Amino acid sequence: MTVPLAASQFTKPQAAREGIPTMFDVFLHPGFMIAGLALVSAPIIIHLINRMRFKRVRWAAMEFLLKSQKRNRRRLIIEQLILLALRCLLIALAGFLVARFVGNIINTESSTLHLVVLDDTLSMNDRWKEEGDEKKAFDVARQRVRQLAKDAATANSPQRMKVVTLSNLENVIFSERLNDQSLADLGKKLDDVRPSLLHVKPAEAVKWAREQVGAAQEPQRYLHFVSDLRDADWSGADADALAQEVDGLTGTGTRVLLLDVAHPYRSEKQPVALHHDNMGITDLRPETRFAAEGMPVQFTVTIHNYSAAERKAVFLETRVNGEVRFEATQPVDVKVGETKHTFMIGFNKPGYNQVAVTLQGEDAGVEADNTRIAVVEVRKQVPVLMVDGSEANPNVQKDSYYVATVLGVAKGYTAVQKTARDLDDLDLDPYPCVYLLNVATLGEKAIKRLEDYVTRGGRVAFFVGDKVRAGHYNEALYKNGQGLFPVPLAARPTDKLETDEKVKRLFENQYQVYLRDPDHPIFREAAQAKYREVFKFLLIDQYWPALPRFQWNADPNKVKELVTLPNRKSLEDYRFRAAELNNQVPVGDEKHEKYRPALEVHRRAVRDSLAGDALFTLGNALERLLNDRGNPADLTKFPDLKEFWDLPENQKLRNELNALRETVQYGDPLVLTNRFGKGQVVAFLTTAGRAWNDWAGGCPASWTYPMTILDLQKWLTGTGEESNYNVGDPLEVVVDAGRYEPKASVEYQPPPTAPKGEGAAAEPARGDRIPLKDLAGATKDTTLTFSFADARQPGVYFLKLQPKPAPGQAATDPEERAYVYNVDTENEGDLKRASKESVERSGGAGERGRVMLVTPDMGLREHVAPKRKDASETPWLYLVILMVLIVEQALAVHLSFHLKGGESMLPPMMRGGGQPAAAAEAA
Amino acid sequence: MATAAKTDDPRRFLHPETIARISRLDLRAQHVVEGFISGMHRSPFFGHSVEFVQHREYTPGDDIRHLDWKVWSKTDRYYIKQYEAETNLRCNVVVDVSESMHYGRGALNKYAYGCTIGACLGYLLLRQQDAVGAITFDSDVRQIVPPRSQQRHIDAICKAMDVSRPREKTDVEKILRRVTESVPSRGMIVLISDLLVDRPALFRGLEMLTQRRHDILVFHVMDDDELTFPFAGTTRFEGMEELPQLTCDPRALRDGYIEALEEYLVEVRRGCTRVGIDYALVRTGDTLDAVLSKFLHHRMAVRASAKMGSHAQ
C-alpha cells in the first residue's frame with residue numbers, strides 16, 4: 001500500500017481522531033477501491049479480449065496439436081497465470097507511482113497552520129556591528145519571519161500563519177492565509193513591532209501554541225519559535241518543564257522549528273554556538289527605602305559580567321533624578337561573574353528620588369540591562385510606629401524609650417507611639433516599619449492589618465517581655481507556623497538570673513549569645529570580629545524560651561535563627577558521644593602525618609574539656625578542632641586543619657563533630673526572622689529595654705546596642721526582594737477601602753537614559769513624569785485593590801491615591817506610592833547560547849525528530865513546504881518495475897505473445913476451397 | 001479469369017521444369033514386375049534368348065523345349081535352361097485428394113504438390129513405354145484410371161487427379177484394400193499422401209499391397225507449416241476432416257507439436273521400412289524437381305547395387 005511518508009507521520013488513530021483523510025482512507029474509499037480494482041484487473045480484461053480476437057486457421061495436423069495441448073496443459077496454465085500476475089503487479093506498481101500525486105491532490109485540501117512566536121524578550125536586544133551598521137537579533141528575527149512566510153506560501157496547500165510576540169501572546173499581530181497580499185501586510189506589521197524589555201519563559205510560547213493547536217482545524221501544524229535560544233532558558237532550571245511542554249505539543253502532531261537568529265550566526269553543523277559578551281546590573285539596593293533629608297544612604301550595586309574576561313575600570317554613572325552625582329560616579333573593575341560595589345548618596349529633595357546607575361562603554365550585547373534604578377523616599381522625618389506594652393518602673397524605662405532614643409540620636413526618625421488597641425483602626429501604610437514592644441495581646445483586626453502590611457512587603461519587629469501572653473502569641477500570631485510570629489513560645493519566661501550566676505557567667509570568658517548569621521544586615525556591624533568579643537559580657541537575665549525545636553522545626557528558608565543563647569545543660573549529657581567521636585579522629589594515620597601536631601593538640605583539648613564540668617569548654621574545643629586554620633608561617637607545627645577536614649574520607653567525621661558542636665554550643669533561640677508574604681518579621685525573645693537584659697545599658701556590650709538598633713531600623717525600612725519588580729510584572733496595590741477613594745492614577749517616570757524599545761516613542765524631559773492611565777479600584781470587604789499590568793518599561797511608576805476627606809473637611813492632596821520596575825537582567829543578561837542537543841532534546845513522551853533547530857544557513861522551504869517524499873520516489877521502486885517489466889516481456893516472448901525476428905503474424909486464412917495461399921490472397 | 005482457367009486445366013500438374021529435370025532419369029521397378037510387352041523391366045516370366053539365368057533339373061510337366069540337350073549329352077541328366085524375360089512396367093499412382101491435402105501456404109498446397117509428383121512420374125514412365133494408371137481417393141476410392149502405355153494417357157491421369165470438392169479420409173485400410181483388389185498383377189504402386197490417418201490401419205493396408213508383391217513407393221507430402229508450426233498470436237485451429245477445433249497460443253504448443261510430429265514421422269518411416277516400402281518425406285516448400293531427381297537417383301543407385309549383388313551370386 002502506497003503511503004507517502006509525510007502523511008504517515010500522522011499515526012492513523014491520531015489522524016482519524018482529527019478527521020484527516022489518510023492514505024488508508026483514500027485507498028479504502030469505495031470509489032478508489034473500484035477504480036483500483038478496475039486498473040489492476042485490466043490485464044485480465046485485455047487477456048480476455050485477446051482471447052476473443054483470435055485468428056482462424058483450417059488445420060490438418062490437429063492430431064499433433066491436440067496431443068501437444070494435452071501434454072502442456074498444466075504448464076501453460078501456470079505460465080499464463082504467472083504472466084497475468086506479473087501484469088497485474090505492473091499495474092499495481094504503476095498505481096504506486098501515481099499514488100503520491102493522488103495524495104497531493106487530496107492533501108491540497110488539508111491546509112497547514114504556522115504558529116510563529118517571535119521572541120521579543122530583553123535578550124533579543126542583543127546588538128552588534130555588521131558591515132558598519134548596528135544590528136539587533138530582533139531585526140534578524142523579523143527578517144527570518146518574512147522569509148518563513150514567503151517560503152511557506154510556496155506550498156501547494158493553503159497555508160495560514162499566526163504571528164505573535166513572546167511578551168504579548170494575547171495580541172495576535174498577524175493571522176491570515178498566506179498569499180502575495182497578506183505577505184505584504186505581514187511585512188508592514190513586522191516593521192512596526194519593537195522588541196520588549198521583558199523576560200518571558202519560552203514555555204509560555206509552547207503553552208500558547210498548544211492552546212492554538214487545540215482549536216485549529218488545520219491537520220498540519222507548525223510552531224516556529226524565532227529566538228536567540230539562550231542556554232539559560234533551554235538548559236537551566238526550567239528546561240525540564242519546557243521539554244515537557246514541547247513534548248506535549250509534539251504529541252499532538254505539531255512540528256516545532258526553533259529558528260536561531262542570534263549572532264554570531266550558527267551553522268547547521270555547529271552543535272555549540274559562540275555568543276556575545278554582556279554585562280548587566282542585576283541589582284541596585286539602597287539600605288533603606290526611607291531616608292531623612294541629608295541622611296546618607298548606602299547603595300549596593302551588583303554587576304554581572306557574563307563574559308569570560310574581567311573588565312577593568314568600567315565607568316559606573318549614577319544619576320539622581322536625572323542629575324549626575326559625581327561623588328557616586330566612579331570606575332569599577334568588574335570581575336567575571338558577580339561584582340558588588342557600594343556608594344553613598346545623600347538626598348536633599350523631599351519625596352521620591354530616582355537613583356539610576358548606568359554602566360558605560362559597552363559596545364555589544366544588551367544595552368537595556370546596563371541601567372538600573374531604585375527609589376528612595378526622602379522625608380523630613382521618617383515616622384516609626386511603636387506599640388509599647390511595657391510599663392516603666394523606678395529602675396527601668398519603657399522599652400520604647402530605648403529604641404526611640406537610639407533612633408532620635410540618629411536623626412531623621414520620629415517615633416510614633418500607639419497602643420495595641422490603636423492598631424485596630426490604624427492605617428499602617430504611612431509607616432515604613434512597626435515595632436511591637438512587649439505587647440500583651442493584639443486584636444483580631446490589628447493582627448489582620450499587620451498581616452496585610454507584612455504581606456505587602458512591610459517589616460515588623462517584635463520584642464517580648466513580661467506582658468506577653470504566650471498562649472495568645474502562639475494561637476493568634478504563630479498560628480502553627482502560618483502566622484507572623486516565627487516560633488511558639490513556652491508557657492512562661494525563664495527566671496531571672498541570680499547574682500551569683502550572673503557573676504559566674506561574666507567571668508567564664510564565654511559568649512553569652514551566639515550570632516548565628518554574622519552576615520545578616522541586623523548584626524553585620526556588631527558581628528565584626530573587633531566587636532564580637534563584647535558579647536561575652538552580654539547577660540540575658542531573662543528571656544522567653546521557645547518550645548523545643550522539634551516542635552516548630554520550620555522551613556529553614558522561612559524561619560532563621562539570628563542569635564542563639566548558649567547551651568546551659570550538663571556536660572554529662574554529651575560526654576560519652578564527645579569521647580567517642582574524639583577517639584575517631586585519625587591521629588595515628590600515616591596519610592595524615594602532616595596534620596598530626598594540630599590534631600593531637602585539639603584532641604587533647606577535647607579530652608581535657610571532658611574532664612571539667614563546663615559544657616562551653618567542650619564546644620570551644622570542638623570548634624577549634626574543626627576550624628583551626630593553623631599558622632601559615634609555620635605550617636609544620638601549626639598545619640591548616642581545614643585541608644584535613646576537606647579530605648573526602650574525613651567528611652563524615654567532620655559532619656558528626658559539627659553536629660555535636662552545634663548541639664553543645666547552641667541553646668535556646670533569642671532572635672529569629674520569619675518570612676511572611678513579601679515582608680519579614682524579626683522577633684527578639686527578650687526585652688528591647690533593660691527589664692530583662694543589660695544590652696540597652698549597664699554592661700560592656702551596651703555600646704553595640706545603638707548600632708544594632710540602627711541596623712535593625714535600616715533592615716526594617718530596607719529594600720527587600722519583594723520591591724524588585726521586573727518589567728512586565730503585574731502591580732497589585734491593596735489599600736484600606738475606608739481611607740481612599742476607589743480611583744487612582746498611574747504616572748511613569750522613565751530612567752534618565754531610557755532604553756529604546758517597545759512603546760518608547762515619547763521620551764520625557766529628565767525627571768519628568770508621564771501620566772499613564774487612571775485606575776478603578778476593586779473593593780472587597782474593607783480593602784481596595786488597584787491593578788496595573790502595563791509596566792513594560794523600566795522606570796518608576798507612581799500610584800496616586802486620593803484619600804477620602806474627613807467628614808466636614810476639604811479634600812486633601814493625593815498620596816502617592818512609587819514602584820520601581822527594572823529589566824530582568826538576571827534571567828536575560830546571560831547571552832550564552834543553548835546547544836543543538838539541548839534544544840532538540842525531548843522529555844521522552846514526544847515524538848523524536850519533531851523538534852528541530854533551524855540555523856540561518858538552512859533553507860526554510862524544505863521544512864515548511866516540504867516536497868512530499870514517499871516510497872514511490874525510491875530508486876528501488878523503479879528497479880522493481882524494471883525487473884518486473886523484463887520478466888514480463890521475457891515470459892510474454894516465451895509464451896509467444898510477441899513475434900520473434902523473421903516471424904510472421906499468421907499465415908493467410910485457409911478456409912477451404914483448396915486454393916493455394918498465393919491465389920487466395922490475390923483473390 | 002486467366003488464373004481460373006489455368007487452375008481448371010488438369011495439365012497444370014505437369015510441371016515442365018521438373019519434367020525436363022527428370023527426363024534424363026528413369027524409374028525402374030525395384031522388384032520383378034509382370035508386363036504385357038517387352039520392356040526395360042525384368043519379367044517374372046522366363047522367356048527365350050533374352051538373358052540366361054540358371055539350369056534347373058527337369059521335372060515332369062516342364063516344357064521339353066527348354067531342355068538343354070548339351071548338358072544331357074554330357075551328364076545324361078535332364079536339365080531345363082531358364083532365361084529371364086524383359087517386360088513392361090505397370091505403375092499405379094495412388095493420390096490422396098482428401099480435404100487435409102488441401103492445406104498449404106507456399107506456391108503449392110499438399111494436394112497440388114502431390115498431384116504434380118504423380119503427373120511427373122506418370123509422364124516419365126509413359127516415356128519409358130511403361131503403363132501408368134492412376135487412383136485417387138479421399139473417403140473412398142474416387143477414381144481409377146487403368147494403366148496404359150500410350151503417351152496420351154497422361155491426360156487421363158491428370159484429369160483423374162483433378163478434384164473439385166475434397167472430402168475427408170475415413171478408413172484408409174479399406175481404401176488400400178480396394179486398391180489392392182483393383183491392381184491384380186504385380187507392378188509398381190506410388191502412394192502420394194499426407195498420411196494423416198490411423199497408423200495401424202495404414203500399415204495394414206500397405207502390408208496388404210506388399211503381400212501382392214507390388215513395388216510400393218510412398219511420397220509423404222507435408223506442408224512446411226505442418227513441419228515447423230510457425231504460428232504466433234491467439235489462433236483458432238479448425239480441424240479439417242471433422243477434427244475438433246482448438247483455440248490456443250501456437251507458440252506455447254509448438255514444442256509439444258514438433259515433438260508429437262517427430263514421433264509420428266518416425267513411426268511412419270519405421271512402418272514403411274519394416275514392410276520394405278520406399279518412403280520419402282517431401283515438403284511442399286522444396287522444389288519438386290530436386291525432390292524427384294534426388295529420389296530417382298537414389299532408386300537407381302539402390303537398383304544398381306542390387307543388380308551387382310545378384311551377379312555376384
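1. Start with the contacts in chain B. Among those with a separation of 6 or more, 78% join residues 24 or more positions apart. Keep in mind that this is a predicted model.

2. Next, the make-up of chain B. Its secondary structure comes to 10 helices and 12 strands. Of its 313 residues, 41% count as buried.

3. Look at B:Met222 as an example. This residue sits in strand E9 of chain B, residues 215-222. B:Met222 counts as buried because it has 25 C-beta neighbours inside 10 Å, and 20 or more is the cut-off for that label. Leaving aside neighbours within four places in sequence, its contacts are B:Asp194, B:Leu227, B:Leu281 and B:Arg283. Also check B:Asn109. That residue is 113 residues from B:Met222 along the chain, yet their C-alpha atoms are separated by 9.0 Å.

4. Now turn to chain A and its backbone. The peptide bond from A:His263 to A:Pro264 is cis, with omega near -5 degrees. A:Pro264 lies in the loop between strand E8 (255-260) and strand E9 (279-286).

5. Check A:Leu229. Its phi is positive, about 45 degrees, although the residue is not a glycine. A:Leu229 lies in the loop between strand E7 (220-227) and helix H10 (231-234). It counts as buried, with 25 C-beta neighbours inside 10 Å.

6. Then check A:Asn509. This residue is not a glycine either, and its phi is positive at about 50 degrees. Its place is in the loop between helix H15 (499-506) and strand E22 (514-515).

Terms used: Residues numbered from 1 in each chain as written. Chains lettered and ligands numbered in written order. Predicted model: local features only at pLDDT ≥ 70, side-chain atom pairs only at ≥ 80, totals over all residues. Helix = DSSP H or I, 4+ residues; strand = E, 2+ residues; numbered from the N terminus. Buried ≥ 20, exposed ≤ 12 C-beta atoms within 10 Å, placed from the backbone. Contact = placed C-beta atoms within 7 Å.
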